[in-house]
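Reader: I would like to go through some features of a model and learn how each is read. Please give the general idea and then the case.

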Amino acid sequence: MAEKSYNYLHIFTLLMLLSPLANSLKNHDRLKLATPPPLPILPLPSFSQLKWQQREIIMFLHFGVNTFTDSEWGTGLESPSVFYPTGLDPTQWAHTAARAGISLMILTAKHHDGFCLWPSKYTDHSVVRSPWNNGNGDVVREFVDAAKAHGIDAGLYLSPWDRHDTRYGHVELYNEYYLAQLQELLTRYGGVREIWFDGAKGANATNMTYYFNDWFSMVKELQSTINIFSDAGPDIRWVGNEKGYAGSTCWSTINATSLSIGNATILDYLNTGDPKGTNWLPAECDVSIRPGWFWHKSQAPKKLSELLEIYYKSVGRNCLLLLNVPPNTTGLISESDVQRLSQLRRAIDTIFTSNSAVKCSVEASSPRGGENGNFGPENVLDEDHLWTYWAPSENEKKDYWIEFRAKSSGIKFNVIRIQEAIGLGQRIKKHEIYVDGIRVAKGSTVGYKRLHRLKMGVVHGNSVRIKIVKAKGIPLISSVGFYFDPFWKPK
Ligand code: FUL
């Protein structure tokens with residue numbers, strides 16, 4: 001009896017000891033461990049650069065004494081009394097931006113003429129000497145408040161070149177003055193998401209050395225999530241022209257050491273970026289809705305077809321479109337510009353609302369982590385355009401493709417959208433698009449977003465294949481769309 005009970009105890013203890021092992025074996029079967037994402041290819045965007053990239057269109061507002069003197073570059077000799085908007089309403093600016101789906105507006109707080117749209121402690125060449133609001137006004141304050149009330153972020157432009165201030169040309173004095181103004185703008189008005197350092201300067205302007213490093217350090221100290229724009233970054237670079245066109249090859253990467261501010265010899269380099277670049281420095285395409293940056297009675301906004309061309313050549317080439325919409329002498333965005341901007345938004349929505357790729361089945365050359373991994377080609381059809389993506393297997397022999405097959409009536413489109421998972425680096429160097437085996441488009445870089453308007457117009461087929469012909473490492477595609485653009489009339 002005693003021996004028997006010992007045996008039962010023995011078996012019971014053994015079972016108790018074995019049960020965690022059995023459980024863990026069972027769990028192992030149940031919890032299939034996921035294949036990790038691939039290693040990134042450096043350089044990578046910062047958090048703020050990624051946020052910026054997703055905005056697609058930013059509104060620029062050139063407003064100041066030039067608006068009232070009908071000029072583009074003020075001399076600095078303007079009397080502050082000319083600044084007299086009779087019905088200034090930044091709420092109308094913000095409303096116009098919000099209706100156009102714009103999430104960031106950048107205002108010229110000071111242009112080259114030196115006139116300040118806010119009451120700076122360091123100069124009286126500002127709104128304090130203007131009859132507007134009896135010298136008690138602050139355009140920057142009204143601007144940031146209106147933007148905030150519409151859920152729009154604010155950005156500011158502070159011209160380094162100052163044609164009014166007598167400290168200009170006295171290196172220490174002017175750098176102190178400029179830094180003092182930066183501190184005012186970045187401490188008084190809440191969060192500022194982008195600051196614009198314009199590299200322009202007249203051919204005969206006084207010599208002046210700007211302490212860019214001091215300025216940039218101060219900016220980041222005061223606003224850690226801000227993006228600093230200048231010809232040469234450090235966060236956003238100029239695209240090298242004022243037409244709003246990026247290069248058909250456009251890398252977000254570039255070598256910052258090859259760049260300098262106000263250097264006319266690097267325009268092509270800025271336009272295309274550099275596949276070997278060690279800095280993530282994406283390009284912003286600035287252009288005005290009108291011929292001038294400031295409002296002029298004699299000028300009218302560009303046609304919708306021109307704005308769409310700009311959209312395809314900026315947003316559709318991995319860049320941001322910084323579209324200037326200048327307020328007039330009343331202090332409002334003119335009705336013609338309001339209408340044109342909402343037409344542009346309607347057109348973009350019309351083109352990109354119905355994606356016929358989502359009605360297709362999708363296959364790819366291979367998926368990372370096998371058929372049950374998290375990197376299958378179906379990821380390119382979801383709403384996430386960054387962090388879910390198709391990744392081929394690392395073992396694949398570089399014949400990368402993803403193919404869409406019509407389930408019923410075929411696929412009809414004249415625009416294709418391809419997006420890379422840029423959170424892990426920009427990789428694609430060369431790609432081609434085939435419909436039923438016939439090549440309909442080709443290109444080099446993709447980046448955050450690449451749009452192809454088909455030169456042959458509308459195509460109709462049963463399969464669309466995107467081939468990645470050359471890439472740094474394995475390509476990662478986060479989204480694809482096929483659309484019909486009713487405004488596209490190829491020549
Ligand atoms: C240029 C300036 O000279 C223009 O007036 C305008 O501000 C444009 C955005 O940048 O360099």
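Predicted model: local features only at pLDDT ≥ 70, side-chain atom pairs only at ≥ 80, totals over all residues.

Reader: Where is Thr329 found?

Author: Helices (H or I, at least four residues) and strands (E, at least two) are DSSP runs, numbered from the N terminus. Thr329 sits in the loop between strand E10 (320–324) and helix H10 (335–352).

Reader: Is Thr329 buried, partly exposed or exposed?

Author: Buried means under 20% relative accessible area, exposed over 50%, and partly exposed in between, with a 1.4 Å probe and protein chains only. Thr329 has a relative accessible area of 29%, so it is partly exposed.

Reader: Why is E10 described as largely enclosed by the rest of the structure?

Author: Five of the five residues of E10 are buried, and therefore the strand is described that way. Leu320, Leu322 and Asn324 point one way from E10, while Leu321 and Leu323 point the other way.

Reader: Which strands pair with E10 in the parallel sense?

Author: Two strands pair if DSSP finds at least two bridges between them. Strand E1 (residues 57–61) pairs with E10 in the parallel sense over four bridges, and Phe60 stands opposite Asn324. Strand E9 (residues 283–288) is also parallel to E10, over five bridges; there, Val287 has Leu323 as its bridge partner.

Reader: Which residues are around the ligand?

Author: A residue is near a molecule if one of its heavy atoms lies within 4 Å of it. The residues around the ligand are Phe60, His62, Trp73, His111, His112, Tyr157, Trp196, Asp198, Ala200, Glu242, Asp286 and Trp293. They divide into six nonpolar, three polar and three charged. In this scheme Ala, Val, Leu, Ile, Met, Phe, Trp, Tyr, Cys and Pro count as nonpolar, Asp, Glu, Lys and Arg as charged, and the others, Gly among them, as polar.

Reader: What is the distance from a polar side-chain atom of His111 to an oxygen atom of the ligand?

Author: A polar contact is a pair of N or O atoms within 3.5 Å; within protein, one must be able to donate a hydrogen and the other to accept it, and residues adjacent in sequence count only if both atoms are side-chain atoms. For His111 the distance is 2.9 Å. A side-chain N or O atom of His112 is 2.8 Å from a ligand oxygen atom, and one of Asp198 is also 2.8 Å from a ligand oxygen atom. The protein covers 93% of the 290 Å² of accessible area that the ligand has on its own, by the Shrake-Rupley method with a 1.4 Å probe; for residues, only the protein chains shown count as cover.

Reader: What do the buried residues of helix H4 (residues 90–99) pack against?

Author: An α-helix has 3.6 residues a turn, so residues three or four places apart point the same way. In H4, Pro90, Gln92, Trp93, Ala94, Thr96 and Ala97 are buried. The buried residues of H4 pack against E1, strand E2 (104–110), helix H5 (139–149) and H10.

How values were computed:
Residues numbered from 1 in each chain as written. Heavy atoms only, no water. Contact = heavy atoms within 4.5 Å.
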